[in-house]
Amino acid sequence: MGLSKLNSLYREVILDHADHPRHKHDLQTSTNTITLKNPTCGDVINLSIKLDDQDQIADIGFSGDGCTISQSSASMMTDAVMGKDKETALRMAKTFSDMVMGTKHPQADLDELGDAAILSSIMSFPARIKCATLAWWALQRALLEEDAPTDEEEA
Amino acid sequence: MAAKNLDVRQDFPILDQKVNDEQLVYLDNAATAQRPTAVTDSLVHFYQTDNANVHRGVHTLAERATEDYENARRKVQKFINAAEPEEVIFTKGTTDGLNLVASTYGEANIQAGDEIVISIMEHHSNLIPWQQLAIKKHATLKYIGLTADGELDMADAAAQITDKTKIVAIAHASNVMGVINPLAELAKLAHQHGAIIVGDGAQAAPHVPVDVQALDVDFYAFSGHKMMGPTGIGALYGKRALLEAMPPYQYGGEMIDFVHQQDSTWAQLPYKFEAGTQNIAGAVGLGTAVDYLTSVGMTNVEAHEQAIVDYLLPKLVADPDLEVYGPHDPAKHTGVIAFNVKGIHPHDIATALDMEGVAVRAGHHCAQPLMTYLGLVATARASFYLYNTQQDADRLLVALAETKEFFNHGAVKA
């Protein structure tokens, strides 16, 4: 088989997001921030979100270190939820984590994920699922814990 | 130098399989080794023939199981050249053994203001028990640093170990830097200052001859599963006088002498430290692994792995796209080789190598302070054992070249 199977994981769009990540910067002002680590590999994501008065994501940015999959997933996630309201973003996070665990969703839900839907290919690489979900976990935690003190762990 | 292969492959049926349609090359031995048929057979034989609880029964099976269990202890004793079998305590593994020492000897002997000295290359299992002990006792945890070459800095060791030091705990071999640390020299240094020394043998006992008396270590912990024994079994060596003076680790059956309503007295060594029904079959399997390694000969195991390192390491070091950690002199490097490929995250490397059938580890290797010290997030790691061959090293080299090609030249471009 060799590396040909890798093409299904490292699709061009995934490599493009990893090489040119969207929204990879910390926000000057934010309402929700979180730092999450993947303890098995040491990958880190710092996510900052700015919610407006209507609870819509007015701005979002991330920083940190990680593999191709975690970086591109974070890039695609920020692209997908920009401008969405909090409730929609949380629903998308649920769709994403269901999708990579193999739970079926209506096509409309998957379409909502944008480029991120392509990461369903991660299912064939169980060891890498955590890499793909880290950014979406961070989104979920950041949105649900907006009033709690933010988790400012040292990177 | 060409690595002369040991004639052992046929003893490891797990190696004879395809992974992702490629012949498996197993290079994650620092995480866990594979077991020869002799070891798995001995587990089946024990359960199907001799199984009973040990020491308490008067029936025949109990006697046989006890004999099997104590035979295994004597095999381990000889393997590490302990003076007597009572100095060998069966544990769950290295982590369990190190925690035992920290929570018994450490608990009884560390006081506020004392120092505990470890190194920056320690695995979390030889770091956190001491860190937490230091916090609890208001003691100071000190770290010995590394030389530019990635070896333990012995000048720094001489500076860190002082008359305030009560415990020195050091890996005999590193699971990241690929070095063997001069444990005998460190033991001498510790003893000169009135400290005891604890050796973490997890990465050494499977690969090099170990003589705890020659090393003059006070404690030495290692795991069965990294030396081809079952998981969930390991051993802790301790000098008799220290073990005698230590309080028990856990309380319960097997470890008592007499139990009264308000107090109890403890069993003799080693049973004082073996509360509850132990991993009897695991001990038997470990004994068989010891027999296997002894029949191959630990000096042969060491020489075989060294020959692979002599062949492979210079090729890895010569690759400008690779960063190899630890000494670049093969004579100073073990078969644990941590590396990074420029521009490619180690997790992506490990997935790509897996597609080529080559199993390696990627991550922080349970050594986060070391990663921080080296300014790294993670590394890839290939680790070799007696059943690996020079052909395995070649497969790694080819798979690495293809991986670089894939990620750097966009093999995915349709």
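In the predicted model, chain B contains 13 helices and 17 strands. The C-alpha trace of chain B extends over about 80 × 55 × 40 Å along its principal axes. A compact globule of 414 residues would have a radius of gyration near 22 Å, and the value for chain B, 22 Å, therefore agrees with that expectation.

Chain A has six helices and three strands, arranged along the sequence in the pattern α-α-β-β-β-α-α-α-α. Its radius of gyration is 15 Å, close to the 15 Å that the globule rule gives for 155 residues, so chain A is as compact as a globular protein of that length. The C-alpha trace of chain A spans about 50 × 35 × 25 Å along its principal axes.

The three strands of chain A form an open sheet in the order β1-β2-β3, with antiparallel pairing. Strands β1 (32-38) and β3 (57-65) of chain A lie at the edges, each pairing on one side only. Direction ignored, neighbouring strands of this sheet are turned by 15° against each other on average. The antiparallel pairing of β1(A) with β2(A), the latter comprising residues 43-51, runs over seven bridges. Within this part of the sheet, I34(A) stands opposite L47(A) in β2(A). Helix α6(A) packs on the sheet and touches β1, β2 and β3 of chain A. The direction of α6(A) makes about 150° with that of β1(A).

Helix α6(A), residues 129-144, also packs against α3(A), residues 68-81; the two axes come within 7 Å and cross at roughly 40°. Helices α3(A) and α6(A) are therefore oblique to each other, and their crossing is right-handed. On the α3(A) side, the contact involves I69(A), S70(A), S73(A), A74(A), M77(A) and V81(A). These meet C131(A), A132(A), L134(A), A135(A), W136(A) and L139(A) in α6(A). By class, the residues of this contact are 10 nonpolar, two polar and no charged.

A further helix of chain A, α4(A) (residues 86-100), has an axis that comes within 10 Å of that of α6(A) and crosses it at roughly 155°. This angle makes α4(A) roughly antiparallel to α6(A). The crossing of α4(A) and α6(A) is left-handed. Helix α4(A) contributes K86(A), A89(A), L90(A), A93(A), F96(A), S97(A) and V100(A) to the contact. Their counterparts in α6(A) are I129(A), A132(A), T133(A), W136(A), L139(A), Q140(A) and L143(A). The contact of α4(A) with α6(A) has 10 nonpolar, three polar and one charged residues.

Between the chains, 23 residues of chain B are in contact with 20 residues of chain A. On the side of chain B that touches chain A, at least two residues each are supplied by α11 (346-355), β16 (361-363), α12 (368-374) and α13 (390-408) of chain B. The largest share of this side, five residues, comes from α11(B). Its residues divide by class into 10 nonpolar, seven polar and six charged.

Note on methods
Residues numbered from 1 in each chain as written. Chains lettered and ligands numbered in written order. Predicted model: local features only at pLDDT ≥ 70, side-chain atom pairs only at ≥ 80, totals over all residues. Axes fitted to C-alpha atoms, helices over the stretch in contact; angles between N-to-C directions. Helix = DSSP H or I, 4+ residues; strand = E, 2+ residues; numbered from the N terminus. Parallel < 35°, antiparallel > 145°, perpendicular 65-115°, else oblique. Left-handed = near helix turned anticlockwise from the far one by under 90°. Contact = placed C-beta atoms within 7 Å. Nonpolar A, V, L, I, M, F, W, Y, C, P; charged D, E, K, R; others polar. Pairing = 2+ DSSP bridges. Rg over C-alpha atoms; globule rule 2.2 N^0.38 Å.
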